[in-house]
Amino acid sequence: MMTKGIRGAITVEENSEKALKSATLELLSKMIEENNIKPENISHAIFTTTKDLNAAFPARFPRLELGWDNVAMMCFHELDVPEAPKMCLRVLIVLNCDENFQPKFVYLKGAEKLRG
């Protein structure tokens, strides 16, 4: 058993709790689906937002909606780089997995250009 990171990002429509919740759950749902993630295999998750997103803590939503009660999670602001996407939520899920597991990264909406 080893640990590997799975990255994901999504842009958020507005700085509101509702929009942040919707984007967080959309991104995590796609990451879970693409990587067959089970909560008991998650070591920890790190969420970052651009400085224009501060209406809620993204880590709150998987705890309440996805049952991630025992997952260690932290939220931070992303480095403010010129020309970087605005209104962007990023996540790094660190997963306990088999050595042959190949993570599938997920980039949605305006965050798709981060993979370029």
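Reader: Which residues line the largest pocket?

Author: A pocket is an open set of points on a 1 Å grid over the protein atoms alone, where a 1.4 Å probe fits, with protein on both sides within 12 Å along at least five of seven lines. Lining residues have an atom within 4 Å of a point. Here the lining is Thr11, Val12, Glu13, Glu14, Ser16, Lys18, Ala19, Ser22, Ala23, Glu26 and Lys109. This is a predicted model, where local features need pLDDT of at least 70, side-chain atom pairs count only at pLDDT 80 or more, and totals for chains, interfaces and linings use all residues. Residues are numbered from 1 along each chain as its sequence is written, and side-chain values use heavy atoms, with hydrogens and water left out.

Reader: Which helix gives the most to that lining?

Author: Helices are DSSP runs of H or I, at least four residues; strands are runs of E, at least two; both are numbered from the N terminus. Helix α1 (residues 17–35) gives the most, with 5 residues.

Reader: Is lysine 109 buried, exposed or partly exposed, and what is its phi?

Author: Buried means under 20% relative accessible area, exposed over 50%, partly exposed in between (1.4 Å probe, protein chains only). Lysine 109 has 38%, so it is partly exposed. Most residues other than glycine have a negative phi. Lysine 109 has a positive phi of about 55°.

Reader: What does the side chain of threonine 48 contact by a polar contact?

Author: A polar contact pairs N or O atoms within 3.5 Å; within protein, one must be able to donate a hydrogen and the other to accept it, and residues adjacent in sequence count only if both atoms are side-chain atoms. Threonine 48 pairs with the side chain of glutamate 78 at 2.5 Å. Threonine 48 lies in strand β2 (residues 42–49).
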